Amino acid sequence: MHRTIACATAAILLAACGAPNDPAIANGSAPQASSAPAATDGRPFAVTPVTTLDSPWAMTFLPDGRMLVTEKAGRMLLVQQSTGGNPIIWPIAGVPAVDSEGQGALMDVVAAPDFARSKLVYFSGSVTGPGGKGVKLWRGRLVHDAEQGARLEGVTELFSATPFVSGDGHYSGRIAFAPDGQHLFFTNGERQKFDPAQDPKATLGKVLRLTLDGKPAGDPGLTARGFHPAVWSYGHRNLLGLAFDAQGNLWEQEMGPKGGDEVNLILPGRNYGWPKVSNGSHYDGRDIPDHKAGDGFEPPKVSWNPVISPGGLLVYTGAMFPEWQGDLFIGGLSSEALVRVDVNDTNARKGDQWPMGKRIRDVEQGPDGAIWLLEDGEGGRLLKLTRAG
């Protein structure tokens with residue numbers, strides 16, 4: 001999995017937690033949540049609510065078992081689980097301001113592959129700038145002590161989408177580190193503007209490859225053809241999930257228009273077709289040609305019609321659910337579901353779709369193999385899914 005770093009020892013955890021009288025606790029930053037698992041309702045997992053948040057967007061685990069969580073309006077939180085009680089939550093200072101109108105937000109957050117040493121955190125968000133709005137990628141060093149709480153130091157802007165355009169939609173902003181540890185992948189949505197997805201000079205509607213310092217490192221074949229030097233693949237719409245599997249394959253999911261949500265296997269230099277082809281239609285009912293063999297576009301591995309409105313994406317590698325190792329898990333927004341995609345090497349097909357009763361914004365794997373979910377919206381809960389029984 002691209003986000004979770006193996007859990008460190010208990011000694012590291014105790015050293016990193018901060019004092020018991022941390023201001024975050026005194027200020028009531030540990031919201032109430034039930035610690036008892038909910039009924040399984042025929043699902044193969046029990047659901048334990050952990051805490052309630054304000055429109056959470058993304059999460060990642062740190063080596064000591066703590067979590068980072070972003071909220072739409074611009075807060076980043078450090079969350080420490082506790083045994084049989086409410087978690088301890090510290091707001092993190094030093095996060096750049098974001099424009100959270102519409103689909104804008106403080107977006108993805110991922111710990112660097114060498115976080116245990118460097119304490120570096122990569123994160124994204126939407127901002128206002130010359131020409132309109134766009135998504136940016138930042139990096140900062142996480143510091144946490146009892147005197148000053150949690151903060152990001154040395155925050156640096158690594159990359160900015162181009163061009164900035166009007167509107168508040170389809171920013172994307174997902175981050176995945178490559179298995180080589182030398183590159184990261186970053187998604188830029190087409191901002192509901194259609195044509196930029198096929199524009200070689202724009203980063204919009206693209207999967208980008210960057211160095212760890214944010215320098216363009218796109219597909220050499222595309223660069224030679226005049227594409228922006230960060231572009232790895234193109235012809236995408238709103239890319240809200242990105243993850244590597246154990247074999248080094250890069251999986252991506254994106255929202256289609258009216259129908260046509262997709263899971264794609266991302267290959268360098270390929271054109272995934274938007275807006276020229278889609279297995280969905282325009283919202284006004286106008287047809288879009290479907291993917292067809294030989295049309296020159298890379299087809300999705302799985303598509304949905306009606307849509308599931310995919311949120312975050314997880315490649316499962318844990319021991320708690322060994323039968324699902326290598327499969328994809330997707331948070332369903334409009335479908336209010338957790339969706340499993342059955343993966344066999346580079347092939348995929350629809351698996352299970354479990355109703356969750358709320359919009360699911362993100363999905364993540366914990367150090368023990370539990371699956372964690374973020375509910376979308378105000379009062380969205382952090383949920384832990386463990387094996388039923």
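The model is predicted, so to speak of a local feature I need pLDDT of at least 70, and side-chain atom pairs count only at pLDDT 80 or more, while totals for chains, interfaces and linings use all residues. Residues are numbered from 1 along each chain as its sequence is written, and side-chain values use heavy atoms, with hydrogens and water left out.

I start with the sheet. Strands here are DSSP runs of E, at least two residues long, numbered from the N terminus, and two strands pair if DSSP finds at least two bridges between them. Opposite F329 stands R340 in β20.

Next, E298. This residue sits in the loop between β16 (261–266) and β17 (302–304). Is E298 buried or exposed? E298 counts as buried because its relative accessibility is 16%, and the cut-offs are under 20% relative accessible area for buried, over 50% for exposed, and partly exposed in between, with a 1.4 Å probe and protein chains only. The E298 side chain makes a polar contact with the side chain of R270 at 2.7 Å. A polar contact is a pair of N or O atoms within 3.5 Å; within protein, one must be able to donate a hydrogen and the other to accept it, and residues adjacent in sequence count only if both atoms are side-chain atoms. Setting aside neighbours within four places in sequence, E298 is in contact (heavy atoms within 4.5 Å) with L267, R270, N271, Y272 and H291.

The other loop residue is V95, between β5 (88–93) and β6 (106–111). V95 is buried, at a relative accessible area of 18%. Apart from neighbours within four places in sequence, the contacts of V95 are G74, M76, L106, F123 and L152. W138 is 43 residues away from V95 along the chain, and their C-alpha atoms are separated by 9.3 Å.

Definitions and conventions
Helix = DSSP H or I, 4+ residues; strand = E, 2+ residues; numbered from the N terminus.
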